[in-house]
Amino acid sequence: MKFKGKAWVYGDNVDTDVIIPARYLNTSDEAELAKHCMEDIDENFIKKIKPGDMIVAGYNFGSGSSREHAPIAIKASGISCVIAKSFARIFYRNSFNMGLPIFESVEAAEDIKDTDEIEIDADSGIIKNLTTNKEYKSTPIPEFMQELIASNGLFGYAKKLLDK
Amino acid sequence: MGMSISQKILSAKSRQDSVSPGDIVLADVDLAFANDITAPISIDFVKKLGVDVFDKGKVALIPDHFTPNKDISSANQCKIMRDFVRDGDLPNYWESGEVGIEHALLPEQGYIKPGMLIVGADSHTCTHGALGAFATGMGSTDVGFAFATGKSWFKVPESIKFVYTGRRNKWVGGKDLILYTIGKIGVAGALYKSMEFAGDTIKELPMEDRLTMCNMAIEAGGKNGIIEPDEITFEYLKERGVGEGDYTAYKSDPDAYYSKIIEIDVEDIEPQVAFPHLPENAKGLSEIKEDIKIDQAFIGSCTNGRIGDLRIAASVLKNNKVAKYVRLIIIPATVDVYKQALKEGLFDIFMEAGAVISTPTCGPCLGGYMGILADGEVGISTSNRNFVGRMGSKSSALYLSSPAVAAASAVAGKIISPDEVVK
Ligand code: SF4
């Protein structure tokens, strides 16, 4: 699986409250959540991104509450994946469950600039910066989680498992 | 290299000879549960799949947070749960009048056994590691997945071993040991890790105190807390009709890998108080120089609402009165605890002292109801979290302690040692 798009860069500790503010949690409608994705950290986020683009961030991305709405909002916004120096534990889990691919790479997150063109090979975990021609290695996504993503998250995976 | 107890359980449940930290496994769960706040989303997951729960006996639904229902929306949440239980004819469900706080109720009723793999849609599911099970909290969707498939995925954690030695000082219990530990390593000190509690002190620690310690593993960022089963565990299980043939008691290998081994001399530990607004802000009583006046004391929760906790509180409150303008709220964690306390005459002591006693519920622990703090008020609580606004107003302040210190503080109207009020 490959992802290609522009990078949108943020700092450390992007928490679930800025990813999707609590005032929008009275719905779990994906399209509705997507409209407000990253609103409190970047007002123009939803206007500027194109399907396939990536969020690039620092340490502890997705910290805070266990709301599953956060990865849902990101995924539904059209963002293909998130690259960060590290992820908060429950966000990490929720992301795979919701089918949002995430990549851990300190190098890439430090180096990539806003709007750089990025290509990621999910199988090898290689992140290519097409703008600067640099390459970074991310912690590879374990096979099991690749399967989760390919199944479009835990729900699709459950279906497969139960059909067996 | 050998395996830790956590690794052993994860490898057995994923049918592998061994697993290493970082491995991801799909494992069979022995018990999956959710509460009135988290269950509706898990139930939705199962319903959308159009299946029944994987095994009726291995699913539990526990309406404990806002019951008896505090308002219409909480009543509706409970109704979703109750309808699901009724339609599926699920045995492990408790109505108000039988229900208790999930993490107190399940071990007390013999549902938790050594070697089990347990997932709960509640972060304090780590409590159950006290019986030598691998238990961890997850989101509702994860638990919905477990309800439907009987499985859950795990990244095998590294383990940190905490070795406690020495005799406990007077008034020092499991709560003080864990607050002290979190104070030492911080709220992210065990992020992603398994916290294994060991050492001579733990070998002599009563089960209730062990439950209190494992309960707060999540407060150090831990994935689970766990204690090797021993005679105390087996005795606790026997009292609940669980025989030795009913479980597998795993032990860590002598050459198991630990990312850290932390040794703690228990003789250094005095009763602890965690200052606002993080559990890691723990101080020993003698380090508190200022007068901290309180408006409310709460004794209860999944951390310290068991019978032993109430007995200690009663020993402090006997022949004492709660200070003027202070509220003391006592909530037994389960119906059995409630009945036992009543039978032992503890309620008489509490009521003589001027405390109010509620039916089992989470109540004020999460700022739900039954004792919310007003703007600027100060509370002391035997629960596990003192985040901003956890028990009510954003401008309130919450201190965490053992039942002994909370009871003494209610009497003095300020945070104080039990020695100062016990007559
Ligand atoms: S008592 Fe408090 S911490 Fe325990 S389950 Fe209830 S709300 Fe959560």
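Author: Happy to! What you see is a predicted model, in which local features need pLDDT of at least 70 and side-chain atom pairs count only at pLDDT 80 or more, while totals for chains, interfaces and linings use all residues. Residues are numbered from 1 along each chain as its sequence is written, chains are lettered from A and ligands numbered from 1 in the order in which they are written, and side-chain values use heavy atoms, with hydrogens and water left out.

Now to the salt bridges, where a side-chain nitrogen of Lys or Arg lies within 4 Å of a carboxyl oxygen of Asp or Glu. Over all chains there are 25 of them. In chain A, E32(A) and K35(A) form one, with N and O 3.1 Å apart. Helices here are DSSP runs of H or I with at least four residues, strands are E runs of at least two, and both are numbered from the N terminus. Helix 2 of chain A (residues 30–35) holds both partners, 3 residues apart, which is about one turn of the helix. E32(A) itself is partly exposed, at 29% relative accessibility.

K48(B) is exposed at 60% relative accessible area, while D44(B), at 37%, is partly exposed.

The next pair reaches across the sequence. D419(B) and K170(B) form a salt bridge whose closest N and O atoms are 2.9 Å apart. D419(B) is partly exposed at 45%, and K170(B) is exposed at 57%. Elsewhere, R15(B), D28(B) and K151(B) are joined into one network by salt bridges that share partners.

Among the buried ones are I5(B), K8(B), L10(B) and K13(B).

Strand 13 of chain B (residues 296–299) is covered on both faces, with Q296(B) and F298(B) buried on one side and A297(B) and I299(B) buried on the other. Two strands count as paired if DSSP finds at least two bridges between them. Strand 13 of chain B runs parallel to strand 14 (residues 327–330) of chain B, with 4 bridges joining them, and I299(B) stands opposite I330(B). Strand 16 (residues 378–381) of chain B also pairs with strand 13 in the parallel sense, over 3 bridges; there, Q296(B) has G379(B) as its bridge partner.

Finally, the ligand. Its shell takes residues with a heavy atom within 4 Å. There are 13 of these residues, and the closest are H124(B), C302(B), C362(B), C365(B) and N384(B). Helix 4 (102–108) and helix 10 (301–304) of chain B each supply at least two shell residues. Domain 1 (5–265) and domain 2 (273–420) of chain B both contribute to this shell, so the ligand lies between them; the domain bounds come from an automatic or database domain assignment. C302(B) is buried, at 7% relative accessible area.

With cysteines in view, a word on disulfides, defined as a pair of cysteine sulfur atoms within 2.5 Å. The count over all chains is 0. C126(B), for one, is in no disulfide, as the nearest cysteine sulfur, that of C214(B), is 7.6 Å away. C126(B) is buried, with a relative accessible area of 1%.

Conventions
Buried means under 20% relative accessible area, exposed over 50%, partly exposed in between (1.4 Å probe, protein chains only).
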